[in-house]
Amino acid sequence: MNYIGSKVRLLPFLETSIREYIGGPLQDLKFCDLFAGTGAVGRFFKHKVKGVIANDLEYYSFVLSRNYVQNNSVLNYQTKLDKLNNTN
């Protein structure tokens, strides 16, 4: 999902700036996305840090961030499709 105000194009700049400011590895740190919106920034940093805290006033942001940031498992959709396809 993309909208006016999305930070997707800023991601390389944000990562470079944060790494320069921190001056060390990010993997032991938590990242706080205060204006999460569609969750693009939190999703980007999810695999680079120890954890992500996402915040926004909008409910859609909660739903998207919960999916993109909190979800850590890969959905095995093929077994579910096979089960549906074999149902009478």
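User: How many salt bridges does a search of the whole structure find?

Analyst: In general, side chains of opposite charge can pair when their charged atoms come close. A salt bridge here is a side-chain nitrogen of Lys or Arg within 4 Å of a carboxyl oxygen of Asp or Glu, and the search of the whole structure finds 2. This is a predicted model, in which local features need pLDDT of at least 70 and side-chain atom pairs count only at pLDDT 80 or more, while totals for chains, interfaces and linings use all residues. Residues are numbered from 1 along each chain as its sequence is written, and side-chain values use heavy atoms, with hydrogens and water left out.

User: Which side chain meets Arg19 in a salt bridge, and where do the two residues lie?

Analyst: Arg19 pairs with Glu15 at 3.1 Å, N to O, and both lie in helix 1 (residues 11-22), 4 residues apart, about one turn of the helix. Helices (H or I, at least four residues) and strands (E, at least two) are DSSP runs, numbered from the N terminus. Buried means under 20% relative accessible area, exposed over 50%, and partly exposed in between, with a 1.4 Å probe and protein chains only; Arg19, at 35%, is therefore partly exposed, whereas Glu15, at 15%, is buried.

User: What does the salt bridge between Glu15 and Lys48 tie together?

Analyst: The side chains of Glu15 and Lys48 meet at 3.4 Å, N to O. Glu15 lies in helix 1 and Lys48 in the loop between helix 2 (40-45) and strand 2 (51-54), so the pair ties together parts that are 33 residues apart in sequence. Through shared partners, salt bridges join Glu15, Arg19 and Lys48 into one network.

User: How is Asp33 to be read: is this residue buried or exposed?

Analyst: Asp33, in strand 1 (residues 30-33), is buried yet has no salt bridge, and the nearest side chain of opposite charge, Lys7, is 4.7 Å away. A polar atom of the Asp33 side chain does lie 3.4 Å from the backbone nitrogen of Gly42.

User: Where is Leu75, and is this residue buried or exposed?

Analyst: Leu75 is located in the loop between helix 3 (59-70) and helix 4, and because its relative accessible area is 58%, Leu75 counts as exposed.

Definitions and conventions
Lys, Arg positive; Asp, Glu negative; His and termini not counted. Polar contact = N/O pair within 3.5 Å; in protein donor to acceptor, adjacent residues only side chain to side chain.
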